[in-house]
Amino acid sequence: MTNHPARASDLSTSHDSAHYVVASGLQAHQHDQSTKAVTDNPGMTSKELAQATGLDRYMLARRLPELIKEGRVYRGQSRRCKVSDRSACTWWPVAPGQNLALGI
């Protein structure tokens with residue numbers, strides 16, 4: 001399942017960009033990168049994931065919620081982030097075939 005990453009209230013330029021991200025395969029590639037980051041580093045915040053993997057923190061912030069809807073990751077409890085020193089949610093992988101209440 002591919003999500004359209006623009007909101008109905010976004011400007012037309014955002015919709016153009018969203019169309020490109022989906023049509024080019026970039027969104028799917030970023031989904032795979034983000035899933036691997038969480039699978040390799042379970043329980044990290046998005047800033048910690050960015051630091052550990054070199055992925056862009058803002059890309060992760062966009063893609064991780066999309067991955068919840070795909071059942072590939074879930075949002076865990078918040079804790080103090082080791083990078084920002086602020087409270088942030090943690091991200092966890094969903095095992096194939098695992099039936100969890102994902103808190104969507």
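Predicted model: local features only at pLDDT ≥ 70, side-chain atom pairs only at ≥ 80, totals over all residues.
I number residues from 1 along each chain as its sequence is written. Local features need pLDDT of at least 70, side-chain atom pairs count only at pLDDT 80 or more, and side-chain values use heavy atoms, with hydrogens and water left out.

**α3 with α4.** I looked up helix α3 (residues 46-53) and helix α4 (residues 57-69) first. Their axes (lines fitted to C-alpha atoms over the stretch in contact) come within 9 Å and cross at roughly 125°. The two are therefore oblique to each other; that class is what remains after under 35 degrees (roughly parallel), over 145 (roughly antiparallel) and 65 to 115 (roughly perpendicular). On the α3 side, Ser46, Lys47, Leu49 and Ala50 make the contact (heavy atoms within 4.5 Å). Arg57, Leu60 and Leu64 answer from α4. I sorted this contact by class and found 4 nonpolar, 1 polar and 2 charged residues.

**α2 with α4.** Next I took helix α2 (residues 26-40), which packs with α4 at about 85°, axes 9 Å apart. α2 and α4 are therefore roughly perpendicular to each other. Among the α2 residues in the contact are Gln27, His31 and Val38. Those of α4 include Met59, Arg63 and Leu67. This contact divides into 5 nonpolar, 6 polar and 2 charged residues.

**Rings.** I checked for a charge over a ring (NZ of Lys or CZ of Arg within 6 Å of the ring centre and within 35 degrees of the ring normal). Arginine 57 lies over the face of tyrosine 58, 5.5 Å from the ring centre.

Definitions and conventions: Axes fitted to C-alpha atoms, helices over the stretch in contact; angles between N-to-C directions. Helix = DSSP H or I, 4+ residues; strand = E, 2+ residues; numbered from the N terminus. Nonpolar A, V, L, I, M, F, W, Y, C, P; charged D, E, K, R; others polar.
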